[in-house]
Amino acid sequence: MNVEFKTVEEYIASFPKEVQEILLQVRNTILQHAPQATEGIAYGMPAYKLKGKPLVYFGGYQKHIGFYATPTGHSKFEIELASYKQGKGSVQFPLRGPIPFELIGRIVEFRVSETLDKFK
């Protein structure tokens, strides 16, 4: 099923209740650490931009939460992310284990700082 979501709320509501709760926590973590970011949907998933530039994305999947902080966000935290399955610019947090919300927050803060530095 290929659904085009218009809002992050609509996206999150499309998942089972237990996954919705995790997705809401990821969303809240991002917004807490990047309150000035704009929220929307891009590539079919929740997306956050700062000053018009991509900041982070996240997505729900059957067995994991995907988190996308571009290659720089992942390379900066490569040691802490080493135990998770990764791709170029992505990391998978398994639903069967604890989601590292504190680490997600630090990655978001790094991406905010990195983005704002480009405008100095």
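Modeller: A charge sits over a ring if NZ of Lys or CZ of Arg is within 6 Å of the ring centre and within 35 degrees of the ring normal. This is a predicted model, in which local features need pLDDT of at least 70 and side-chain atom pairs pLDDT 80 or more, while totals for chains, interfaces and linings use all residues. Residues are numbered from 1 along each chain as its sequence is written, and side-chain values use heavy atoms, with hydrogens and water left out.

Biologist: What makes the charged end of K51 sit over the ring of F119?

Modeller: The charged end of K51 is 5.5 Å from the ring centre of F119, and the limit is 6 Å; the charge is therefore said to sit over the ring.

Biologist: Why is the aromatic pair of F77 and F110 called edge-to-face?

Modeller: Rings of Phe, Tyr and Trp (its six-membered ring) pair if their centres lie within 6.5 Å; planes under 30 degrees apart count as stacked, over 60 as edge-to-face and the rest as tilted. For F77 and F110 the centres are 6.0 Å apart and the planes 80 degrees apart, so the pair is edge-to-face.

Biologist: Why does F77 count as buried?

Modeller: Buried means under 20% relative accessible area, exposed over 50%, partly exposed in between (1.4 Å probe, protein chains only). F77 has 8% relative accessibility and therefore counts as buried.

Biologist: How many aromatic pairs does a search of the whole structure find?

Modeller: The search finds seven. Ring pairs also link F5, Y11 and F15 into a cluster.
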